[in-house]
Amino acid sequence: MTVVIDWSAFLLVFVAALVGAVAVVSLYSLGLRMLVRAGRVPVVSPAEFTDAITVFSEKEIKRAAKQAAKSARKSPLTAGQKNLAFLAAIGCFVLCGAAVLSGILIIVIGH
């Protein structure tokens, strides 16, 4: 019994996975960048676990929220530019989600 590897199919899957990963990461990071430019800095309070290495205090969480609000006020963009950046952020997140869903559909349906 001999094992035959179809190297062209292997290369095709490798390139598709690489392009998909780069696309998802790029769209997500661009979406976050546009969200920050729109003055809507996402502040996520950390979850506290019993065995966590780092636990943030209420004071640290409030300080991070205060810094996010301050950076949102310092934006040199006009209201229209902020709205356009927010719409671009939403578009990037939608495209990112569509890329992930299309990959899942290709795996489920195309298999």
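Reader: In which part of the chain is Pro-42 found?

Author: Pro-42 is found in the loop between H1 and helix H2 (58-73), helices being DSSP runs (H or I, at least four residues) numbered from the N terminus. This is a predicted model, in which local features need pLDDT of at least 70 and side-chain atom pairs count only at pLDDT 80 or more, while totals for chains, interfaces and linings use all residues. Residues are numbered from 1 along each chain as its sequence is written, and side-chain values use heavy atoms, leaving out hydrogens and water.

Reader: Why is Pro-42 called partly exposed?

Author: Its relative accessibility is 42%, which lies between the limits for buried (under 20%) and exposed (over 50%, 1.4 Å probe, protein chains only), so Pro-42 counts as partly exposed.

Reader: Which residues does Pro-42 touch, not counting those up to four places away in sequence?

Author: Pro-42 touches Leu-32, Leu-35 and Val-36, contact meaning heavy atoms within 4.5 Å. The C-alpha atoms of Pro-42 and Ala-65, which are 23 residues apart along the chain, are separated by 9.0 Å.

Reader: Which residues line the largest pocket?

Author: The lining consists of Gly-20, Ala-21, Val-24, Ala-99, Val-100, Ser-102, Gly-103, Ile-106 and Ile-107, each with an atom within 4 Å of a pocket point (1 Å grid, 1.4 Å probe, an open set with protein on both sides within 12 Å along at least five of seven lines). H1 and helix H3 (79-109) are the elements that give two or more residues to this lining, and H3 contributes the largest share, six residues.
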